[in-house]
Amino acid sequence: MVLKSGETIIHVGNLTGVTTYHQNEIKAYPNPVAEQLFVESDEPGNIIIIDLSGRILLQKEMNGYKEEIDVSDYLPGTYFLKFVSDEQKTTAIFIKK
């Protein structure tokens, strides 16, 4: 049985033990954004920004836990922010004003 609560997944198997997995999230703000998008994660990974036509606009390695991305040259619209690490793949949406 898997119970999901906020950012923690608890897996109970055959009532012999409990294993806890932490589901990391990325935070991207402000949203909508005009110039600088801030991305935070609990672990390092790669950031990929994709427009609605599927074109990759940015690929960047996130060395720390917080990155600042200049999106001032992007056209107004909706974009996908994909975060990939050894432990997870997460996609978020942000809006450029």
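Two strands pair if DSSP finds at least two bridges between them, and strands themselves are DSSP runs of E over at least two residues, just as helices are runs of H or I over at least four, with numbering from the N terminus. With those terms, Ile47 has Phe83 in β9 as its bridge partner.

This is a predicted model, in which local features need pLDDT of at least 70 and side-chain atom pairs count only at pLDDT 80 or more, while totals for chains, interfaces and linings use all residues. Residues are numbered from 1 along each chain as its sequence is written, and side-chain values use heavy atoms, with hydrogens and water left out.

**Overall make-up**

The chain has zero helices and 10 strands. Of its 97 residues, 27% are buried, where buried means under 20% relative accessible area, exposed over 50%, and partly exposed in between (1.4 Å probe, protein chains only). The accessible surface comes to about 6,500 Å², and carbon and sulfur atoms account for 51% of that area; such areas come from the Shrake-Rupley method with a 1.4 Å probe, and for residues only the protein chains shown count as cover. If contact is taken as heavy atoms within 4.5 Å, then 41% of the contacts between residues at least 6 apart in sequence join residues at least 24 apart.

**Strand pairing**

An open sheet of four strands runs in the order β7-β6-β9-β10 with antiparallel pairing. Its edge strands, β7 (56–62) and β10 (89–96), each pair on one side only, and the twist averages 20° from one strand to the next; axes here are lines fitted to C-alpha atoms, for helices over the stretch in contact, with angles from 0 to 180 degrees between N-to-C directions. Elsewhere, a hairpin of six residues joins β4 to β5, and Ala28 has Val39 in β5 as its bridge partner.

| Strand | Partner | Bridges |
|---|---|---|
| β6 (residues 45–51) | β9 (residues 77–84) | six |
| β4 (residues 27–29) | β5 | three |
| β5 | β8 (residues 66–70) | five |

**Nonpolar core**

A nonpolar core is a set of buried Ala, Val, Leu, Ile, Met, Phe, Trp, Tyr and Cys residues joined through side-chain atoms within 4.5 Å. The largest one holds 14 residues, of which Ile47, Ile49 and Phe94 touch the most other members. Two or more residues each come from β5 (36–40), β6 and β9, and β9 gives the most, with three. Leaving aside residues up to four places away in sequence, Ile49 touches, among others, Ile56, Leu58, Tyr79, Leu81 and Phe94. β5 has a covered face of Leu37 and Val39, whereas Gln36, Phe38 and Glu40 form its uncovered face.

**Aromatic pairs**

Rings of Phe, Tyr and Trp (its six-membered ring) pair if their centres lie within 6.5 Å; planes under 30 degrees apart count as stacked, over 60 as edge-to-face and the rest as tilted. The structure holds three such pairs. Tyr29 and Phe38 are stacked, at 5.7 Å centre to centre and 20° between the planes; Tyr29 is partly exposed with a relative accessible area of 29%, and Phe38 is partly exposed at 23%. Tyr79 and Phe94 are also stacked, at 5.5 Å centre to centre with 20° between the planes. Because Tyr79 lies in β9 and Phe94 in β10, this pair ties together parts that are 15 residues apart in sequence. Tyr79 is buried at 6% relative accessible area and Phe94 is buried at 1%, and together with Tyr74 they form one aromatic cluster.
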